[in-house]
Amino acid sequence: MPRCRWLSLLLLTIPLALVARKDSNKNETAVLRKLKPVNASNANVKQCLWFAMQEYNKESEDKYVFLVVKTLQAQLQVTNCLEYLIDVEIARSDCRKPFSPNEICAIQENSKLKKKLSCSFLVGALPWNGEFTVMEKKCEDA
């Protein structure tokens, strides 16, 4: 009986794998489920946003660390991975780089250093493997 279950499971996963494969002619990944809203308090959304902000601060030439002020929306799309599109408002903090996780940072209120941005991050995730990739990033002055 267990053998039949494994065979059934295998037969169910083969079509899914075929649908999720890349179309080499178009060089695009097939979308299994289009963008749908997801709660910003979802654990995967939080992980993806944490990762995106780590990458943003690494790549930023600013001397200060930026922090999320507000999550505007989060959406999930399923392709060959989970793709989270997260729109946030971020601001410059009073913590300088390099940043220590033990530091407590506050948003910069000094008018000279105050800076807010509106950002959209598209993060590809295989959270069960601990794999995250910032696929797209777009930020503009808020």
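Me: Which pattern does the protein chain follow when read along the sequence?
Reply: This is a predicted model, and the assignment gives its protein chain 2 helices and 7 strands. Placed in order along the sequence, these elements follow the pattern α-β-β-β-α-β-β-β-β.

Me: Among contacts in the protein chain between residues at least 6 apart in sequence, what percentage join residues at least 24 apart?
Reply: A contact here requires heavy atoms within 4.5 Å. Of the contacts between residues at least 6 apart in sequence, the share that joins residues at least 24 apart is 60%.

Me: Is the pair of Tyr56 and Phe66 stacked or edge-to-face?
Reply: The structure holds 2 aromatic pairs, and one of them is formed by Tyr56 and Phe66, whose ring centres lie 5.7 Å apart. Planes over 60 degrees apart count as edge-to-face. Because the planes of Tyr56 and Phe66 stand at 75 degrees, the pair is edge-to-face.

Me: Which elements of the chain does the pair of Tyr56 and Phe66 link?
Reply: The two residues are 10 residues apart and belong to distant parts of the chain. Tyr56 sits in helix α2, which spans residues 43–59, and Phe66 sits in a strand spanning residues 64–78, so that the elements linked are helix α2 and strand β4.

Me: Is Tyr56 buried or exposed, and how does Phe66 count?
Reply: Buried means under 20% relative accessible area. Tyr56 has 11% relative accessibility, and Phe66 has a relative accessible area of 1%. Because both values fall under that cut-off, Tyr56 and Phe66 each count as buried.

Definitions and conventions
Residues numbered from 1 in each chain as written. Predicted model: local features only at pLDDT ≥ 70, side-chain atom pairs only at ≥ 80, totals over all residues. Heavy atoms only, no water. Phe/Tyr/Trp six-rings, centres within 6.5 Å; stacked < 30°, edge-to-face > 60°. Helix = DSSP H or I, 4+ residues; strand = E, 2+ residues; numbered from the N terminus. Buried < 20%, exposed > 50% of the residue type's maximum accessible area, 1.4 Å probe, protein only.
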